Amino acid sequence: MSGNNSSKDSMRSEGKSRLWRNARLATLKEGRPGLGIVENGAILSRDGDIVFAGSESDVPEIGDAETIDLGGRWVTPGLIDCHTHIVHGGNRAREFEMRLEGASYEEIARAGGGIVSSVNATRALSVNDLIATALPRLDTLLAEGVTTIEVKSGYGLSIESELKMLQAARALEDARPVRVVTSYLAAHATPAEYKGRNGDYIAEVVLPGLEEAHAKGLVDAVDGFCEGIAFSPAEIARVFDLAKSLDIPVKLHAEQLSNLSGAKLAASYGALSADHLEYLDEDGVKAMAAAGTVAVLLPGAFYAIHEKQKPPVKALREAGVAIAIATDCNPGTSPLTSMLLTMNMAATLFGLTVEECIAGATREGARALGLLSRTGTLETGKSADFAIWDIESPAELVYRIGFNPLHARIFKGERFDR
């Protein structure tokens with residue numbers, strides 16, 4: 001990854017060892033059946049990393065490690081929200097109300113609503129203001145066991161404001177015990193001052209803004225919105241070409257409202273993920289499978305905008321495409337700050353299994369961020385990021401609605417109670 005996440009990961013408490021015993025583990029380790037369940041399990045952490053995860057009978061010499069009895073509770077990897085827009089100004093609750101009263105999208109836009117309102121509100125805030133407005137959303141996610149979160153820019157749409165958003169996203173990692181991955185999303189929409197001039201906007205804002213953000217160490221990945229109401233594949237390719245030259249991985253909002261073959265384009269650049277995917281076709285599925293591009297499904301947006309076309313889950317499964325899920329937390333089309341509800345929505349709306357939902361919120365979320373070597377499963381050598389649950393079976397994490405059974409959140413070997 002680009003940016004500063006590797007240095008952040010090295011900033012762990014030194015010399016601390018802990019044995020978390022009398023637990024039932026869902027390791028999510030690849031190569032194990034299902035959720036990788038270990039009954040009578042234990043996790044030994046040292047200096048913030050996992051040095052053992054498995055059967056308690058096989059725990060190595062623990063020396064002076066602190067021992068914590070988990071009372072038979074379930075432990076999963078920490079949840080990962082791999083697609084969010086939690087840094088932004090304002091909200092669009094009034095637009096929600098207007099839609100309920102029968103107003104059309106066009107009427108709302110003429111009244112100053114839509115993405116324009118979010119851009120105006122975001123541009124008006126300082127970096128510190130953006131941090132302050134994002135923290136309540138972040139805290140809600142952390143209270144449900146999230147240990148890693150991706151945060152996008154994309155509501156500034158000017159070089160200065162996009163940089164502010166990324167600076168605020170980076171600062172969240174200092175304000176809270178969480179791993180933050182940043183995505184540069186200036187190719188999200190065309191601002192009013194560039195209306196009808198997408199090419200000029202890319203040339204004058206998106207590309208130079210990316211170069212500056214990269215130089216400042218603010219970018220871990222580059223994203224875009226490939227859609228008829230946003231940017232064409234050719235326009236996105238210009239952005240991806242620069243990202244490739246800077247050695248920054250890419251991802252893409254693709255096939256949400258129509259099929260422009262955005263996922264196929266993203267796969268041709270070896271994209272980490274293609275996200276939304278309601279209108280993904282067979283060629284796109286094949287391209288993603290060949291490239292190892294993760295499908296990130298976003299049921300919150302599907303729900304909020306009353307979408308009817310579901311992503312092709314069966315085709316993705318059959319092709320062996322990894323499936324992740326995320327909140328897509330944003331002020332307009334998915335004001336969702338719950339990975340637990342996201343798991344339930346993914347099951348009830350898209351037909352994912354319990355295993356797919358939990359894997360999608362942990363292991364596959366890490367894969368979609370290029371972080372699978374560091375987090376997302378309970379394995380030796382990975383960061384000690386996990387969630388301890390008061391549940392009788394892992395299925396409860398997907399089954400319940402509006403209920404949070406988190407007992408404790410562990411990040412880099414340190415415990416944080418909800």
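The questions and answers below concern a predicted model and take up its helices, salt bridges, surface and backbone in turn.

User: How do the axes of helix α5 and helix α6 lie to each other: roughly parallel or oblique?

Analyst: Helix α5 covers residues 127-142, and its axis comes within 9 Å of that of α6, the two crossing at roughly 55 degrees. The crossing of this pair is right-handed. Angles under 35 degrees count as roughly parallel and those from 65 to 115 as roughly perpendicular, and α5 and α6 are therefore oblique.

User: What is the relation between α6 and the helix α7?

Analyst: Helix α6 spans residues 159-175 and helix α7 spans residues 198-215, and their axes come within 9 Å while crossing at roughly 40 degrees. That angle makes α6 oblique to α7. As for its hand, the crossing of α6 and α7 is right-handed.

User: Are α7 and α8 oblique or roughly parallel to each other?

Analyst: The axes of α7 and α8 are 10 Å apart, and the helices pack at an angle of about 20 degrees. Where α7 passes α8, the crossing is right-handed. The cut-off for this class is an angle under 35 degrees, so α7 and α8 count as roughly parallel.

User: How many salt bridges are found in the whole structure, and which residues are linked in a network of them?

Analyst: A search over the whole structure gives 27 salt bridges. Some of the residues concerned are linked in a network, and its members are K16, R18, E66 and E414.

User: How many residues apart in sequence are the parts that the salt bridge between D390 and R73 ties together?

Analyst: In this pair the closest N and O atoms are 2.5 Å apart. D390 is in the loop between β14 (386-389) and α16 (396-399), whereas R73 is in the loop between β4 (66-69) and β5 (74-77). D390 is partly exposed at a relative accessible area of 39%, and R73 is likewise partly exposed at 24%.

User: Are E95 and R92, which form a salt bridge, buried or exposed?

Analyst: The closest N and O atoms of E95 and R92 are 3.4 Å apart, and the two residues form a salt bridge. Buried stands for a relative accessible area under 20%, and both E95 and R92 are buried.

User: What is the N to O distance in the salt bridge of K152 and E150?

Analyst: K152 is buried, as is E150. Their side chains meet in a salt bridge, with an N to O distance of 2.6 Å.

User: Which residues form a nonpolar patch on the surface?

Analyst: One member, I229, is placed in the loop between β9 (221-226) and α8 (233-245). I229 has a relative accessible area of 65%, so it counts as exposed. Together the members of the patch have about 260 Å² of accessible area, and they are I229, L257 and I305.

User: What is the phi of S261, and where does S261 lie?

Analyst: Most residues other than glycine have a negative phi. S261 is not a glycine, yet its phi is positive. S261 is partly exposed, with 34% relative accessible area, and it lies in the loop between β10 (251-254) and α9 (262-268). The value of its phi is about 65 degrees.

User: Is L277 buried or exposed?

Analyst: L277 is a residue other than glycine with a positive phi, near 75 degrees. Its place is in the loop between β11 (273-276) and α10 (282-291). Its relative accessibility is 0%, so L277 counts as buried.

User: How far apart in space are R21 and I68, C-alpha to C-alpha?

Analyst: R21 belongs to strand β1, residues 17-26, and at 24% relative accessibility it counts as partly exposed. R21 and I68 are 47 residues apart in sequence, while the distance in space between their C-alpha atoms is 6.2 Å.

User: What separates the C-alpha atoms of E364 and A124?

Analyst: E364 lies in helix α15, which runs over residues 363-368, and E364 is buried with a relative accessible area of 6%. Along the chain E364 and A124 are 240 residues apart, and their C-alpha atoms are separated by 36 Å.

Methods. Residues are numbered from 1 along each chain as its sequence is written. This is a predicted model: local features need pLDDT of at least 70, side-chain atom pairs count only at pLDDT 80 or more; totals for chains, interfaces and linings use all residues. Side-chain values use heavy atoms; hydrogens and water are left out. Patches are made of residues with over 30% relative accessible area and no salt bridge: like charges are joined within 9 Å, nonpolar side chains (Val, Leu, Ile, Met, Phe, Trp, Tyr) within 5 Å. Accessible areas come from the Shrake-Rupley method with a 1.4 Å probe; for residues, only the protein chains shown count as cover. A salt bridge is a side-chain nitrogen of Lys or Arg within 4 Å of a carboxyl oxygen of Asp or Glu. Helices (H or I, at least four residues) and strands (E, at least two) are DSSP runs, numbered from the N terminus. Buried means under 20% relative accessible area, exposed over 50%, partly exposed in between (1.4 Å probe, protein chains only). Axes are lines fitted to C-alpha atoms, for helices over the stretch in contact, and angles run from 0 to 180 degrees between N-to-C directions. Angles under 35 degrees count as roughly parallel, over 145 as roughly antiparallel, 65 to 115 as roughly perpendicular and the rest as oblique. A crossing is left-handed if the near helix is turned anticlockwise from the far one by less than a right angle, and right-handed if clockwise.
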